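Please read them with the coordinates open.

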Amino acid sequence: MSLAKTGQPDRRLQPMATMPPVPIEDLDDMLSRLRLTAIRDQLDNLLEEAARKELNLREALTWLCAAEIARKDQRRIAMAMSIAKFPFVRTLEGFEYEAQPSLDPGQIRELATCRWVANGDTLLLLGPPGVGKTHLAVALGREAVSKGYTVQYVSAMELISTLARAHNQTALESRLSQYGKSKLLIIDELGYLPLEPDAAHLFFQLISRRYERGSVLITSNRPVMEWGEVFGDQVVATAILDRLLHHSHVLTVRGDSYRLREKRRSGLIRSSSAVSTIPATGEEGSP
Ligand code: ADP
Ligand code: MG
């Protein structure tokens with residue numbers, strides 16, 4: 001390669017006129033080599049469309065590149081969604097705000113911008129069973145994936161038991177770094193079931209590792225002031241919360257179970273909000 005006066009390699013291409021002729025039958029192979037698979041697979045349609053729209057060469061090339069980028073984005077998102085291991089598909093479009101008057105749609109829209117993920121903030125979704133915490137966690141996780149962030153979903157039980165197993169096998173470090181990798185870690189359903197004795201310490205190590213580096217979204221049926229009980233260790237729970245709440249958004253959903261809506265409608269059971277609401281945490285909203 002010739003060097004220009006600056007000492008940099010000369011990146012100028014060989015002029016087209018001096019290039020040997022290339023048979024057009026080679027185009028498919030060339031597109032494959034360049035991994036331009038969207039252009040390759042839709043070439044006839046794309047060229048016909050470009051001709052129909054009377055695009056000039058530069059416009060047609062721009063359009064072909066856009067088609068390729070759209071396909072690559074789609075694939076990247078599909079791959080990231082499967083890596084995230086969401087338990088099911090839930091979307092913000094599928095969330096009925098009328099069914100959950102305690103939530104502010106504006107606040108959810110703001111969270112859907114994923115600025116909190118970019119900032120490495122924590123999001124706590126608290127409230128009784130069936131009010132849509134997991135739905136929102138998955139929907140916000142999908143928003144984050146589609147905006148290009150890496151996301152990992154795990155239930156609190158699976159997380160703790162995986163860390164506890166790794167701890168016994170002296171593989172804790174690699175597990176912690178695995179859960180430390182993604183930009184957003186969603187830990188679902190903390191507090192439903194009693195945790196293992198080591199849970200508080202293991203959880204603390206994980207949260208410390210992610211602190212001010214990656215976001216954590218936690219859903220729980222227990223208000224934060226009961227987390228000492230959840231973890232079975234008040235001191236460590238306080239240390240965990242100290243880090244989690246430093247840059248945090250706390251949404252407390254106070255409402256009826258969506259799952260039991262039909263039964264309530266038919267008069268089979270009474271409205272739960274009439275009998276119990278989750279106690280206020282004192283940290284609601286962004287500090
Ligand atoms: P939680 O995690 O709070 O226990 P889920 O998110 O699992 O509750 O919600 C239970 C079921 O009800 C899910 O299938 C969820 O999609 C649905 N659901 C809950 N709230 C709503 C809502 N406001 N709009 C639409 N579906 C909802
Ligand atoms: Mg849930």
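1. Lys85 sits in the loop between helix H4 (57-84) and helix H5 (105-112), where helices (H or I, at least four residues) and strands (E, at least two) are DSSP runs numbered from the N terminus. Its phi is positive, about 60°, although Lys85 is not a glycine. Lys85 is exposed, with a relative accessible area of 59%; here buried means under 20% relative accessible area, exposed over 50%, and partly exposed in between, with a 1.4 Å probe and protein chains only. Most residues other than glycine have a negative phi.

2. On provenance, this is a predicted model in which local features need pLDDT of at least 70 and side-chain atom pairs count only at pLDDT 80 or more, while totals for chains, interfaces and linings use all residues. Residues are numbered from 1 along each chain as its sequence is written, chains are lettered from A and ligands numbered from 1 in the order in which they are written, and side-chain values use heavy atoms, with hydrogens and water left out.

3. A positive phi is also found at Thr170, about 50°, and Thr170 is not a glycine. Thr170 lies in the loop between helix H8 (156-168) and helix H9 (172-180), and with a relative accessible area of 73% Thr170 is exposed.

4. The loop between H4 and H5 also holds Asp104, which counts as partly exposed at 42% relative accessibility. The C-alpha atoms of Asp104 and Val253 are separated by 10.0 Å, although these residues are 149 residues apart along the chain.

5. As for the chain overall, the secondary structure comes to 13 helices and 5 strands, and 39% of the 287 residues count as buried. Among contacts (heavy atoms within 4.5 Å) with a separation of 6 or more, 79% are between residues 24 or more positions apart.

6. Which residues coordinate the magnesium ion (ligand 2)? The magnesium ion is coordinated by Thr134 (OG1) and Glu189 (OE), at 2.0 to 2.1 Å. Thr134 lies in helix H7 (residues 133-146) and Glu189 in strand S3 (residues 184-190), so the pair ties together parts that are 55 residues apart in sequence. Thr134 counts as buried at 14% relative accessibility, whereas Glu189, at 33%, counts as partly exposed. A caution applies to the donor list, since donors are N, O and S atoms within 2.8 Å of the metal (3.2 Å for Na, K and Ca) and water is not among the atoms, so sites may look incomplete.

7. Ligand 1 is surrounded by 16 residues, the closest being Arg90, Glu96, Gly130, Lys133 and His135; a residue is near a molecule or strand if one of its heavy atoms lies within 4 Å of it. Polar contacts are pairs of N or O atoms within 3.5 Å; within protein, one must be able to donate a hydrogen and the other to accept it, and residues adjacent in sequence count only if both atoms are side-chain atoms. Thr134 places a polar side-chain atom 2.8 Å from an oxygen atom of ligand 1. A polar backbone atom of Gly132 is 3.1 Å from an oxygen atom of ligand 1, and an N or O atom in the side chain of Arg259 is 3.1 Å from an oxygen atom of ligand 1.

8. Arg210, in helix H10 (residues 199-210), deserves a look: Arg210 is buried yet has no salt bridge, and the nearest side chain of opposite charge, Asp121, is 12 Å away.

9. The whole structure contains 11 salt bridges, each a side-chain nitrogen of Lys or Arg within 4 Å of a carboxyl oxygen of Asp or Glu. One of them joins Arg222 to Glu226, with the closest N and O atoms 2.7 Å apart; Arg222 counts as buried at 19% relative accessibility, while Glu226, at 26%, counts as partly exposed. Arg115 and Glu110 meet in another salt bridge (3.0 Å, N to O), and Arg40, Asp41 and Arg71 are linked in a network of salt bridges.

Conventions: Lys and Arg count as positive and Asp and Glu as negative; His and the chain ends are not counted.
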